[in-house]
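Subject: Structure handover

Hello,

Here is the structure to look through. Please open it before you read my notes.

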Amino acid sequence: MNLLISVLLLFGLLAILLYREVSLRGGSIAIAVAWILLGFFSPALIHPLLVIPFVLVLVLLNVAPLRMAIISKPVYGLLAKTMPSMSDTEREALEAGSTWWEKDLFCGKPDWDTFDNIKMPTLTAEEQSFIDNEVQELCAMLDEWEIHHHLKDLPEAVWQYLRDKRFFGLIIPKEYGGLAFSPYAQSRVMSKIATRSITTAVTAMVPNSLGPGELLMKYGTDEQKTRWLPGLADGTELPCFGLTGPEAGSDAGSIPDSGVVCEGEHDGKTVVGLRLNFSKRWITLAPVATVVGLAFKLYDPDGLLGDKSKSDYGITCALIPADHPGVQIGRRHYPGSPFMNGPIMGEDVFIPLDWIIGGQDMAGKGWRMLIECLGAGRGISLPALATASGEMGYRMVGAFARIRRQFNIEVGKFEGVQEATAEIAGLAYTLESQRHLVTKGLEDGIPAVMTAMAKYHATEMMRTLINHGMDVGGGRAIQLGPRNFMALPYQSIPIAITVEGANILTRSLMIFGQGAMRCHPYLFDELQTLTAEDKDEGLQRFDPLFFKHAGYTLSRGVRMALHGVTNARFSTIPDNASDFSRPWFRLLNRFSATLAVTSDVALAILGGDLKRRELLSARLGDCHSQLLLASSILMYHAAQPSDRAQDAHAQYALTRALHAAEEALFDFYRNFPARFISRLIQTVAFPTGRVVAPPSDDLIRELGDMIMEPTSVREIFGSYTYISEDPEDSTGRVEMTYRKLLEVDEAWQAFLKADSKDKLAGDNIDDKLASAASQGIIREQDIAGIREYDAMRYDCLLTDAFEPEFFHTAAKKKDEEAA
């Protein structure tokens, strides 16, 4: 009994110290002091057999030569064999950018004081005015059907308006003529345009994301900025950036395009420069670009750059006028949406050295430059398209589900339909929440891991909700024509999924692979020591890191166990957490600690093999991403009006996110090769089994009803979108019909109910309306409104039908050209 009490006291004290994150060596000293005091005051409770092993642990941890010889050196040798090698491009990618709130979530102990200090991004008066005026006016000029099926391009007036109003210069500083908008403002601009025309949004977003403008701002020389930025800001220069090619897509580091340092002729003089050979494809804006950013591998076989010991400099970026001799540009790809996209090629193209972005000093540093600049495309542009699809899908599908009736009931009342519309509602809410958190992170730096998460999950959510919208729209959604509000966004989904890193590779390789290295407090530094050329020096640096890492893992293990037993009831959460949010913050604490332990165990057991076990690493990345999404939902919800609509949407979104996080963990445990270890972690983390069920049927029905109602959520989403009031427009027709329905709904429902019970006389709506009024079912003054709504409703349900000549146009044109 004495021994049992001693053991319980020992483990209890150890658990407290680990939970408080006392270091292993500091903890051992603290326990020794406590043991002496307990032995002095309560000798009956302290068993003497525990003193000897504890003294041995004290000596082992605190005598450096002994610790190094017995623990650190063997572990160092073992890890050096099992951990993956790191290429220069991988190292540059990991060193690029920064980490932000996603690191807290990965490390198992979110700092909610830090979270409280993350304020929702807002628009300046200038940014708001631009959205309310210039963006609004641009949207009114756009007809996506005309752009998509007739012009195959933007109208010239739209191109000129984009130039005149500086839509291509949103990110460029004001001293160069740009607008210098925040990431949040850029996102709001692009998403509002996208609610009207995805083609126009893509055209406007490319110069403001990965492209010459951003690269010049961050790395360009003063001369380069002065030469190019004013033209990029006012649209007299249109940029594109050539990165991908036939042999290199997501694996951009494998580009075969080359630039060899040599002497050549430029402006009538012999100068040292680069001879380029390249073949690029899928380059947006290439057919109309006036300046080309180009990524290639730089070689200096003759040492002309001054370092004769170095011939392979690696990826480099240069800026080249599109009309430069040897550049072949102008042809178009056709990705299904008619934004300008095409190949760029060049053979023996000679350029001077000072066309390298940043000058000669940036030779070979292009990969890091590109990784950092990818953040805008991944964190702003593509998620903005997805958010636009979510909010327009919410408004249009919700309205259509109420207007369209089958079996004498709104289709949106059928539970099968509500399962789809509830997910549309929840995903739209999640996308808007994510937009606020991610753009705020971009204001504070370039969180590379978070932007990869944003791109992948935003575009996948876009795919899901648009597919649901197509299902609800049915035949109305699949028949192409100017009436169709769903088909063109549906056709654009694969583009968003593919660009800025294909989604499959982003999920399976980048999010966890990069996330673990960047977010873990010790892993990247440890890997640096393991690959050090001087192994003795590497071991000296490894020793303190390893013991810090061990203490970190043990402390997270204790947290995981305590949270599993208590459901994190006593864990720290934000002081200002509401009754609604408290349980969700506790769940985030619980899942964060579990993710930290699971990731560390996976890395320890699989080592470098985890890099190749993509199914496993992707699931850990999924869990990490869903925790970030849940955080964004809580932040966004706290800033919205306090009503049931906001609570219901947030509840669905949070439930969906954390259920997905939990399922990702359980799938990981089920497939982890060390089955005993995975079962042990699962049992400790989830002693009672799963803790987050998917959204309940009651919640699905509630959201399925809400998406058809004029709630605060619908109103807020409307403020972010372009709402056409033209009854001949594809979206305006649905919107205006829905508004009319809200005006007459009470009388309309009474009329339909009476008609379904055969209480109304007559064979047409006019006779039936008169019959209903005569019986007091509706008022006389309701007749005109119902008649008008019924006509609008029928027109809203029609699909386009074309004359045969429409389909013969292309063949006729071909025959004319042949003649």
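This is a predicted model: local features need pLDDT of at least 70, side-chain atom pairs count only at pLDDT 80 or more; totals for chains, interfaces and linings use all residues.

Residues are numbered from 1 along each chain as its sequence is written, and side-chain values use heavy atoms, with hydrogens and water left out.

**Helix pairs**

Two packed helices are described by the angle between their axes and the distance between the axes. Helices here are DSSP runs (H or I, at least four residues), numbered from the N terminus. Axes are lines fitted to C-alpha atoms over the stretch in contact, and angles run from 0 to 180 degrees between N-to-C directions.

Start with H20 (503–519) and H25 (614–638). Their axes come within 8 Å and cross at roughly 65°. H20 and H25 are therefore roughly perpendicular (65 to 115 degrees). Contact means heavy atoms within 4.5 Å. On the H20 side, the residues that meet H25 include Arg 507, Leu 509 and Phe 512. The H25 residues include Glu 614, Leu 620 and His 624. This contact has six nonpolar, five polar and four charged residues. Ala, Val, Leu, Ile, Met, Phe, Trp, Tyr, Cys and Pro count as nonpolar, Asp, Glu, Lys and Arg as charged, and the others, Gly among them, as polar.

Next, H8 (125–140) and H10 (156–164). Their axes come within 11 Å and cross at roughly 170°. That makes H8 roughly antiparallel (over 145 degrees) to H10. Asn 133, Glu 134, Glu 137 and Leu 138 in H8 meet Val 158, Tyr 161 and Leu 162 in H10. Four of the contact residues are nonpolar, one is polar and two are charged.

On a 1 Å grid over the protein atoms alone, a cavity is a set of points where a 1.4 Å probe fits but cannot get out. A pocket is an open set with protein on both sides within 12 Å along at least five of seven lines. Lining residues have an atom within 4 Å of a point. A volume is the space filled by probe spheres set on the points.

The structure holds one cavity of 30 Å³ or more. Phe 168, Ile 172, Pro 207, Gly 213, Leu 232 and Pro 239 line the largest cavity.

The second largest pocket has a volume of about 690 Å³. Of its 28 lining residues, Thr 553, Val 597, Asp 600, Val 601 and Ala 604 are the closest to its centre. H22 gives the most to this lining, with nine residues.

Best wishes

Definitions and conventions: Helices (H or I, at least four residues) and strands (E, at least two) are DSSP runs, numbered from the N terminus. Angles under 35 degrees count as roughly parallel, over 145 as roughly antiparallel, 65 to 115 as roughly perpendicular and the rest as oblique.
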